[in-house]
Amino acid sequence: MSFDKQQNQNTNRQIKLASRPQGEPKAENFDLVTSDIPSPNDNEMLLRTVYLSLDPYMRGRMSDAKSYADPLAVGDVIMGGTVAQVVESNIDKFAVGDLVVSNSGWQDYSVSNGEGVLKLDKDMKNPSYGLGVLGMPGFTGYMGLTDIGKPQKGETLVVAAATGPVGATVGQVGKQYGTRTVGVAGGKEKCDFAVNELGFDICIDHKADDFAEQLKAACPDGIDIYYENVGGHVFDAVMPLLNAHARIPVCGLVAQYNATDLPEGKDRLSMLTGLILSRRLTIKGFIIFEEYGDHYPEFLETMSKWVESGDVKTKEYIAEGLDHAPDAFVRMLNGDNFGKTVVKVAEVN
């Protein structure tokens, strides 16, 4: 699923929501249009997108179902975090050439008043990390684990989507706190990467027919922390293994984002509520910048040191060209991409 390339330095390509997806997004749900490059007014700046972040939450915003944030309207430019370069600036604290993390969305150019924009080091070796391990996904993993999960040395931590940008961060931070870390990922290649490169103690392939049995064998002392960003059959296998006072940070449910109806099979809600009571579970959902925005500087300082030292590693899946964003987005939702999904839109000048 991709559009014909129509890049022109004198135009602004934008990918808009053409219609609301029913189930998995398709090509007809997206519309590529071109417009004039906007001009910044007083106290505004013009940003040129260099990298675009693709994240599961975007699927929820394409729906009109009630959620924590207003949905996209049909015809809106699809939202998304970006690393961008300042082209023109009428804001004192931003200069032409600065690299910034912004929310420019799926387009080449955007105008910003500077609100919510974070400046990056111009000499940053991998600017795209500002959308992954040093950006929203890494921040989500770090705060969800440390504040809600409250890891203690020797505890068992299970991490869903272990090689994704959130899960990979959670697992590696867990190791810094001395947990026994069990990853869950899709396929041998991802599981091998989680163990051999990211330092997980073990990783279980959720596609295996005997996944639940393998998970139980990997957690002989039960599960103290389960970091939830997937849902579906992974959580079904986790539930009976949860220890008393287990903590479950919930930042996403990617297995359910394309669902158009409730899953088949037995209703397990009564089982879960029974476990919440009998095992005194803590289950807390969170939206990272709403709950923890003031902790970002603390996170960035800590995580930057770990990345620089090699204590925390990261992997990216980079799609080339804005026109390939829809296809890369669907692949990410299906678990086909390996690592943090980023679209390279332009070069840094």
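Predicted model: local features only at pLDDT ≥ 70, side-chain atom pairs only at ≥ 80, totals over all residues.

Colleague: Which residues make the contact?

Modeller: From α2 you have G138, F139 and Y142. On the α9 side there are Y296, E298, F299, T302, M303 and W306. Sorted by type, the contact has 6 nonpolar residues, 2 polar and 1 charged.

Colleague: Got it. What about α10, how many of its residues are buried?

Modeller: 7 of the 9 residues in α10 (325-333) are buried, so that helix is mostly covered. The buried ones are A325, P326, A328, F329, V330, M332 and L333.

Colleague: What covers them?

Modeller: Several elements do, including strands β1 (11-17), β2 (30-36) and β3, plus helix α1 (57-61). Strands β14 (316-320) and β15 (340-344) are also among them. Just after α10 comes G335, with a positive phi of about 80°.

Colleague: Where else is phi positive, in a residue other than glycine?

Modeller: A161 has a phi near 45°, and H245 has one near 65°. A161 sits in the loop between β8 (156-159) and α3 (165-176), while H245 belongs to strand β12 (242-250).

Colleague: How accessible are A161 and H245?

Modeller: Both are partly exposed: A161 has a relative accessible area of 32%, and H245 has 46%.

Colleague: New topic: Q85. Where does it lie, and is it buried or exposed?

Modeller: Q85 lies in strand β4, residues 82-89. Q85 is buried, at 5% relative accessibility.

Colleague: So what does the side chain of Q85 reach?

Modeller: The backbone nitrogen of N349, at 2.9 Å. A polar atom of the Q85 side chain also lies 3.2 Å from the backbone oxygen of G97. If you leave out neighbours within four places in sequence, Q85 is in contact with L46, L47, R48, V50, G97, D98, L99, E347, V348 and N349.

Colleague: And S53, which strand is that in?

Modeller: S53 is in β3, residues 45-53. S53 is buried too, with a relative accessible area of 3%.

Colleague: Which side chain has a polar contact with S53?

Modeller: That's K340, and the side chains are joined by a polar contact of 2.6 Å. Looking beyond four places in sequence, S53 also touches M58, G80, G81, L131 and T341, among the residues it contacts.

Colleague: Last one, the cysteines. How many disulfides are there?

Modeller: The structure holds 0 disulfides.

Colleague: Why don't C191 and C203 form a bond?

Modeller: Their sulfurs are 3.1 Å apart, which is too far, because a disulfide needs the sulfurs within 2.5 Å. C191 is buried, with a relative accessible area of 7%.

Notes. Residues numbered from 1 in each chain as written. Heavy atoms only, no water. Contact = heavy atoms within 4.5 Å. Helix = DSSP H or I, 4+ residues; strand = E, 2+ residues; numbered from the N terminus. Nonpolar A, V, L, I, M, F, W, Y, C, P; charged D, E, K, R; others polar. Buried < 20%, exposed > 50% of the residue type's maximum accessible area, 1.4 Å probe, protein only. Polar contact = N/O pair within 3.5 Å; in protein donor to acceptor, adjacent residues only side chain to side chain.
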